Amino acid sequence: MSAVTPRTDKTSEPLTNVRRFDLQRLQALVYKESLQALRDPSTLLIAFVLPVVLLLLFAYAVSLDAKHVRIGVVMESEGAAAHALAAAFSATDYLDARFVHDRREVADLLVSGELRGYVVIPQDFEQRLTLMGSEPLVQIITDGSYPNTANYVENYSRGVVQSWRNGLDVGAPPQAVVLEPRYWFNPELESRRALVPGAIAIVMTIIGTMLTALVVAREWERGTMEAVLSTPASVAEILIGKLLPYFVLGMLSTLGATALAVFIFDVPLRGSLAALLLLSAVFMVPALGQGLLISSLARNQFLAAQIALFTGFLPAFMLSGFLYEIDAMPVWIRAITLLVPARYFVDSLKTVFLAGDIWAVFLPNLAAMAAIGIVFFMLAKRATHKNLE
């Protein structure tokens, strides 16, 4: 009798030996992805040209500074004091005054939008001036369809009148307390110095989230992603190999944006470059992880772009404190902002640019960005495992 040798099936062996993490495979994947990124013009445009365009727009087209606001000054009084007050309105850089003698001449201009408000110097201006503040000196009318501008016009007009009155020898009530405001970190009150650091966060969000989502979704469309998943490379190697080139692109874009901010837009970098790079590197973790998760769930480029726009770019633009103060938002919106990585990055960027290396601010923000990034990567790895199965 011949002995029966049990049949061994090599295909039944566990895949853990084949899928063990290997640095040579990782290096090959990084090299392949780097070549693919360098040969794709759209990738280079998003990584290097789009940041320059966005920074130029945010630095020059978007401004929160209220200067040369068009107003009218109705001079119903022809006295010397009225003319002196009118000269004070013409001397300020914040208001661009147009002088008339009848309020009917500026009423239509206010309705048409040519003026944002007007100040009426009444006929009995000199008599009111002698009453020591018991009667208002002027009437201020603003366009309420632009609430912020209306507040600017009112406050600046009040300031001009108060400053002019304080400069008179007589008629000005004595002030027991004199306020001298001092502004820290941005004494010139230039909105550009606050907008440009926040714009860098928007740029990094686009590069990390949208670019990654588009590139990986394109591979799903072309079928090359299945080919990569069928290789002996582990899921961790595939994910890291795909993201490392875009991490490098993001860091290079950060350096370029920082150079533009400092040397072109005159934004001071009071912190260290090392702290800035550390903050940017940690922020790239949730940005890349979110893009990878989107591409794992949406294998179509158009759908991936739409999801990246609504879950990446718009929250970073609206809920990060870049343009709108988070403290002024409703409570439930403020709770949502805790899940937006750009919120912590914008706060850190404004600190490192305008204040310096304040690690009491950096460390909680770094921890929050890293935690959100880990969650995104865990979800993306799980989704990729399901696709592989």
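Guide: A salt bridge is a side-chain nitrogen of Lys or Arg within 4 Å of a carboxyl oxygen of Asp or Glu. This is a predicted model: local features need pLDDT of at least 70, side-chain atom pairs count only at pLDDT 80 or more, and totals for chains, interfaces and linings use all residues. Residues are numbered from 1 along each chain as its sequence is written, and side-chain values use heavy atoms, without hydrogens and water.

Visitor: What makes arginine 158 and glutamate 154 a salt bridge?

Guide: Their side chains meet at 3.3 Å, N to O. The cut-off is 4 Å, so the pair counts. The two residues are four apart in helix 6, which means about one helical turn separates them. Helices here are DSSP runs of H or I, at least four residues, and strands are runs of E, at least two; both are numbered from the N terminus.

Visitor: Why is arginine 158 called exposed?

Guide: Its relative accessible area is 52%. Exposed means over 50%, buried means under 20%, and partly exposed lies in between (1.4 Å probe, protein chains only). Arginine 158 is therefore exposed. Glutamate 154 has 28%, so it is partly exposed.

Visitor: Which salt bridge links glutamate 33 to a distant part of the chain?

Guide: The one with lysine 242, where the closest N and O atoms are 2.7 Å apart. Glutamate 33 sits in helix 1 (residues 23-38) and lysine 242 in helix 9, 209 residues apart.

Visitor: Are these two residues buried or exposed?

Guide: Glutamate 33 has 2% relative accessibility, so it counts as buried. Lysine 242 has 4%, so it is buried too.

Visitor: What makes aspartate 143 and arginine 116 a salt bridge?

Guide: Their side chains meet at 3.9 Å, N to O. Aspartate 143 lies in the loop between strand 4 (139-142) and helix 6 (147-166). Arginine 116 lies in the loop between helix 4 (104-112) and strand 3 (117-121). Aspartate 143 is called buried because its relative accessible area is 14%. Arginine 116 has 19%, so it is buried as well.

Visitor: How many salt bridges does a search of the whole structure find?

Guide: Nine.

Visitor: How do you know that alanine 308 is buried, and what is it in contact with?

Guide: Its relative accessible area is 2%, so alanine 308 is buried. It belongs to helix 11 (residues 301-318). Contact means heavy atoms within 4.5 Å. Leaving aside neighbours within four places in sequence, alanine 308 is in contact with Thr209, Met210, Ala213, Ile294 and Phe313. Alanine 213 is 95 residues away along the chain, yet the two C-alpha atoms are separated by 7.0 Å.

Visitor: What makes strand 1 and strand 2 a pair?

Guide: Two strands pair if DSSP finds at least two bridges between them. Six bridges join strand 1 (residues 69-75) to strand 2 (residues 95-100), and the strands run parallel. Arginine 70, for one, has aspartate 96 in strand 2 as its bridge partner.

Visitor: How many helices and strands does the protein have?

Guide: The protein has 14 helices and four strands.

Visitor: Which label does leucine 252 get, and why?

Guide: Leucine 252, in helix 9, has a relative accessible area of 43%, so it is partly exposed.

Visitor: What share of the protein counts as buried?

Guide: Of its 389 residues, 43% count as buried.
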